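User: Please go through the helix packing and the backbone geometry of this model.

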Amino acid sequence: MFTSRHFKPGSAPATLIPRGDTPPLITLIQYDAETYEEHRVERIEEVFACRDNSKVSWINIDGLSDVEMLSQLGKHFGLHPLALEDVLHTPQRPKIEAFENHFFVVMEMAYADGPFNVIFEQISIFFGANFLITIQEEALHDVFDPVRVRLRNGRGYARTRGHDYLAYSLIDAGVDHFFPVLELLGDAVEELEDELLEHPSRESLIKLQELKRALLFLRRNAWPVRELVTSLTRDESGLIKPETKIFLRDCYDHTIQIMDVIEGYRDIATGMMDIYLSSLGMRTNEVMRVLTVVSTIFIPLTFIVGLYGMNFEYMPELKTRYGYPVTVGVMVLLAIGMLAVFRKKKWL
Amino acid sequence: MFTSRHFKPGSAPATLIPRGDTPPLITLIQYDAETYEEHRVERIEEVFACRDNSKVSWINIDGLSDVEMLSQLGKHFGLHPLALEDVLHTPQRPKIEAFENHFFVVMEMAYADGPFNVIFEQISIFFGANFLITIQEEALHDVFDPVRVRLRNGRGYARTRGHDYLAYSLIDAGVDHFFPVLELLGDAVEELEDELLEHPSRESLIKLQELKRALLFLRRNAWPVRELVTSLTRDESGLIKPETKIFLRDCYDHTIQIMDVIEGYRDIATGMMDIYLSSLGMRTNEVMRVLTVVSTIFIPLTFIVGLYGMNFEYMPELKTRYGYPVTVGVMVLLAIGMLAVFRKKKWL
Amino acid sequence: MFTSRHFKPGSAPATLIPRGDTPPLITLIQYDAETYEEHRVERIEEVFACRDNSKVSWINIDGLSDVEMLSQLGKHFGLHPLALEDVLHTPQRPKIEAFENHFFVVMEMAYADGPFNVIFEQISIFFGANFLITIQEEALHDVFDPVRVRLRNGRGYARTRGHDYLAYSLIDAGVDHFFPVLELLGDAVEELEDELLEHPSRESLIKLQELKRALLFLRRNAWPVRELVTSLTRDESGLIKPETKIFLRDCYDHTIQIMDVIEGYRDIATGMMDIYLSSLGMRTNEVMRVLTVVSTIFIPLTFIVGLYGMNFEYMPELKTRYGYPVTVGVMVLLAIGMLAVFRKKKWL
Amino acid sequence: MFTSRHFKPGSAPATLIPRGDTPPLITLIQYDAETYEEHRVERIEEVFACRDNSKVSWINIDGLSDVEMLSQLGKHFGLHPLALEDVLHTPQRPKIEAFENHFFVVMEMAYADGPFNVIFEQISIFFGANFLITIQEEALHDVFDPVRVRLRNGRGYARTRGHDYLAYSLIDAGVDHFFPVLELLGDAVEELEDELLEHPSRESLIKLQELKRALLFLRRNAWPVRELVTSLTRDESGLIKPETKIFLRDCYDHTIQIMDVIEGYRDIATGMMDIYLSSLGMRTNEVMRVLTVVSTIFIPLTFIVGLYGMNFEYMPELKTRYGYPVTVGVMVLLAIGMLAVFRKKKWL
Amino acid sequence: MFTSRHFKPGSAPATLIPRGDTPPLITLIQYDAETYEEHRVERIEEVFACRDNSKVSWINIDGLSDVEMLSQLGKHFGLHPLALEDVLHTPQRPKIEAFENHFFVVMEMAYADGPFNVIFEQISIFFGANFLITIQEEALHDVFDPVRVRLRNGRGYARTRGHDYLAYSLIDAGVDHFFPVLELLGDAVEELEDELLEHPSRESLIKLQELKRALLFLRRNAWPVRELVTSLTRDESGLIKPETKIFLRDCYDHTIQIMDVIEGYRDIATGMMDIYLSSLGMRTNEVMRVLTVVSTIFIPLTFIVGLYGMNFEYMPELKTRYGYPVTVGVMVLLAIGMLAVFRKKKWL
């Protein structure tokens, strides 16, 4: 659950181990302010030429099964073997690594797969002055689609800026994808809170544990993104242009908002356990009150009827004409008195 | 509740989306030590000329529905599109952004709408060497009114200082507006504390949750204001004059006081859950004690009367003359003894 | 309770609002190694000349009702209007402000007014190279008396050093005044702890809440003093002489000791809630045990006597000669057996 | 348990005290890109010559019983006596010490010896420009085996790099060895969580305590490794080559992942106590409900039958023909009504 | 308990107040690599000459009653009056003060006086280039004895190094003295943990409180030692030689280990309260279960026997031949069924 990474301790560093077996999909997108091209690539060598023109080149790879191809890609673009190992070794902690002429960014995308079940997919981004490569685990989910749509339409600043702005757009798309997940979680949190107040059960407790775990994972994958974006805004290598840094600062604000929401939910989740415990206590109290009221009323009455059930020969009351109705009357008064006391104590 | 911001992940950055549909109210205030003018403006172009004289110019806009107008304003005053997006994209986390020739400040004003229900309205302030623009969500609440009154009267330092002092006055008005909200909350806190000690119920628990949430929101919207004011006091661009910085330091003290109060309430709210739980425990204890006292007194007595209710043929006591009164006497003594024991144990 | 400051949001900054209505007492003390003068001053102008000789001058003002006088004082000594506002606007958070030629120090003096009721009085100190002004809320309590006594006697370093040493002496007197308050609180804490262990009640809970609140206030008013003293020891303006800084470091140690004690009490207060809850649990347990023992012994016996109280015609035991004594014997044995079991379980 | 170190306070610093009594095993490995030699050494003097060639030399010592030998080794390689004391004085806190021409690294290797029983073995590494010495407590476990295998095979970067890379490989092997231990712990955590939800017992509580303790120890021995690796990546002595630092950064990521997992488990373990308490509360509630339902149904009925068991002479109901069946009918209806009420309250 | 320091607020700073009344014992130790002298001194003036030779001089004073003598000592060696006040004003927070030509170190030595009762004795060390003075509260305990033994024997580095190494030895002896206290505490902790799991009582709770308090004090007196040692290792005055700093770093490691152990115990102590509460809950549960089982079995049976104890004239069952045995049989079956149900529910 927590160590999804099955390390064989002592395996050589920078060993590339394939993941899954569906062959990877390679797409090459090239554009400038006027033109936009997007086509599927069969052999990785076809993309190598993309660096040689002034257009922005985005190579996207879906699937981690072809180690050979990644290794070629790495050699051509000068990607560090340890970085490629991290691409394959999912899940990684989100991070940024600055290499001599490019950055390597790893992020974990959140997808909600049920109210308290968040799954993550790793995306890796390499980008330098004249290339940008993204590598994803699978083609099923794609958080980059809206960026592609904007590029095709040529709206906004999308096509007029360089690789650094494209990198920003992709990271921002990734960050913004936390919001719908958090919204879904928020609805489930409110529902669970009501449930805990109204009819707490063992199932609520299990849900609460799932919620806490989901928040733990979200936090772990959101928190480092903050640092990641910060270190991009502080870049001094020149790979990030000043005008892009303003956009990155905006992205940084979003990561803070995400953390705020997660921390808010964590606060609430912590309080929920107390609600659960107090709901339990209140229920026990209610049960006890019923028992006490019933017992306290009937135990003395039962004593009285037992008293006149004794077989002593000499019990003058038993012989009197009105012994029975008087006794019943006394008992009725006693019961009414008791009820009044309990009503005053607000136990009824 | 937490993510009031309905992000469409992947929407282009710096997209201006209108909020609400009532047309915005634009007011232009211009003053110097001698003169003061305030008039409603119909078309945004009318305010563009205000930068060209030596007076202090304050443009106030209530309402976020007219994207076109904001966009023109932005172009004329050189406001960054991302900043304008933040103006529209409420609620934002309070923050300050330093642009080349102006500051952009966002704050969330707190209004109490019931004891534990705090609502927030966003105010955005742009100010440079020769202009100050404030943009608010709606005209209903206006925390700036007292500033306007002071300007009209020309009291205090109000009219003799520049745009930076005006910006300080507005931020300070916003900060001080937290105090009445906190006072209201404080009264409600004390009431709730008494309620929890005296007669805790499920409703108290719900109120406590609401209180915690209100404090969470207040904290989230007050804490960043502190940093915001700090970074203004440390400004090195020259937009903030040294004599204004002394005033900003005073404003900084107020933000710290606000945080102190909020943290104090949070401490108290945390303790309240314990009070609630212990009140519950005490009640259960009390209920149990009643049950135990009644049962412990009557169960042995009921046994005795049951004993002499047996139908054995040979039970000599039943035939004796004083069997009945002696038995009753023994039972009375037993009951009195029990009561004495319980009184000694302080259960009565 | 927390916001004793009734802000009118939007009131002009640096507005002086009088507090109370008893006219202020003004005292002027002037001394050097040989001489010591102390006399009451009627009109504030009389003290203005004190800066012009080489003696140490200490102007003490008790009472905050005369705004006009304070304003004159401020003008003569160059005190900032915002500082004067803070003097009047009690309670302030303890703080130090460095102005061009003087320091402004605000502290809150603690006085114990009952075991868990700590009240605070604000003292403000302005001091520069050739003057020292102290302003207090009222003349009732005076933490400065011991300093005055030492000055009169001329003991210690008291009279041979300058305004900075006098300022240190006054701050130190203020800091040391926390100790007797903490000692009183400490006694009350130990008493409360015993009470919670021995006979916890709703009153103990209320006391515990009061204790927590008192600690919260003490902490809030002690913690900033630490920073205040630190920044004096780091002064680079030359107003604080190096030999005085050694004394300030000693004062700093005292503030740390105060914080240590407060944090220790807070730890203990947090643990007290657990003690209370567990005492409650232990009591419920004890009550339950009594009920269970009594019920478990008598319920089976009552069943047996009920059995032989049945009116079946054919119940051979009823006719036998020794039915009754045998039954009673069995019941006695049963009861003894039960008691043995409970004793073994340590329920008795 | 916590202070496995039996200090004799006041013993002279840098005293070497032997541990255990099995004679140490000394192995010398020497290699370069082409050659690889590994042989057992009997007398420590045999290894002294290893520094004089260009090969990478790795001296491994298993066993801490021979103080004399270590002392000779220390003298030859210039190891500080305090460092040698730390080698013998197990367990140490993981740390790095930079000496003039070598580094001294201490780490604690984790081995799982049962679900919640983690044991640690200390490894000490000395490495300089032309030597690397590892000293382990015993030969039983050896986390360095995979590194040896890689060296023999000459795969990866293994044999082409210097002593710093070898040191990295060994540290990395140590760090990665935490993962299988954490995985085992993770399984046990999930099992325990289910146990606490399903059938909590005193044994679960003891397991939970053991788990918490294991996490405490893991954290204590993992956390300092992080700093250790960081300070190696920041080395400025030149002993660590820049290309090795990239690998160390990868190792650093692993330590962070380990801490993340440990903190996650700690969070869960903290939550488990609450689950345990609430499971207990739920059980008590269930027990109470059974008691209350049974008592509340039968106590009134028992009263009724007691009523008609009274021996009053004048009780007209007793004489009627249908008294008995009507009474029974009433009681059945009463019981059914009660059951309906309880079913509505969801107590059944 | 927490404020053992009975401050008279406002007493003059640097006032020397004697403690106790036994006259102080003064010992002078002088040594170099070859010679070692140790003799008792009657009059303080006899030690003043010790600075004038090249030997290491250690003046030890046991007892704080002779203010006059300390004052002379201070004048001769240039000790600051505030430092001497701290020597007498026990207990101090451990600290180091750097004066012009000497250091002043205060530490609190821990002695275990019962499992959870830790007492502290203050030791003060002044040391400069050519003198070292230690002042202790009393001669009863002496943590410096082992150092003296080593000096006499001339073992280790003991006699070949200067005053800084002697100071290190003394501080190290003080630090190491925490370990036996912690070991004793550790045993008591484990015992208490078992007690809480097996048979929790009010006494355990009191012990737990004592434990928490002991840990609080240990932490308060150990934590600042860490900073103290750090600042010695960072000394730039030249009083501490580089080779001594390596030893101080070792001493620093010990302080960290002490803090680790204390924090570990604190974690465990925090968990103990939860264990206590859950043990209480489990006991209540057990008591309830016994009550419920007994009641639930016998209450229905008692109803049945009551039923046939009614005196209705027409109750056909009473007349039948097998009414009684059938009824008894039904009751036995009922009881067996109940027991089976409870066994299935694991309540028995």
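Analyst: Helices and strands here are DSSP runs, numbered from the N terminus (helices are H or I with at least four residues, strands E with at least two). This is a predicted model, in which local features need pLDDT of at least 70, side-chain atom pairs count only at pLDDT 80 or more, and totals for chains, interfaces and linings use all residues. Residues are numbered from 1 along each chain as its sequence is written, and chains are lettered from A in the order in which they are written.

User: Where is P91(E) found, and which residue does a cis peptide bond join to P91(E)?

Analyst: P91(E) is found in chain E, in the loop between α2 (81-88) and β4 (95-98). Most peptide bonds are trans. Here the bond is cis, with omega about -10 degrees, and the residue joined to P91(E) is T90(E).

User: Is K346(B) buried or exposed?

Analyst: K346(B) lies in the segment after α9 (323-344) of chain B. Its phi is positive, about 60 degrees, although K346(B) is not a glycine. Buried means under 20% relative accessible area, exposed over 50%, and partly exposed in between (1.4 Å probe, protein chains only). K346(B) has 66% relative accessibility and therefore counts as exposed.

User: How are α7(B) and α7(C) oriented to each other?

Analyst: The axes of the two helices, residues 242-307 in chain B and in chain C, come within 8 Å and cross at roughly 20 degrees. Angles under 35 degrees count as roughly parallel, over 145 as roughly antiparallel, 65 to 115 as roughly perpendicular and the rest as oblique. α7(B) and α7(C) are therefore roughly parallel.

Definitions and conventions
Side-chain values use heavy atoms; hydrogens and water are left out. Axes are lines fitted to C-alpha atoms, for helices over the stretch in contact, and angles run from 0 to 180 degrees between N-to-C directions.
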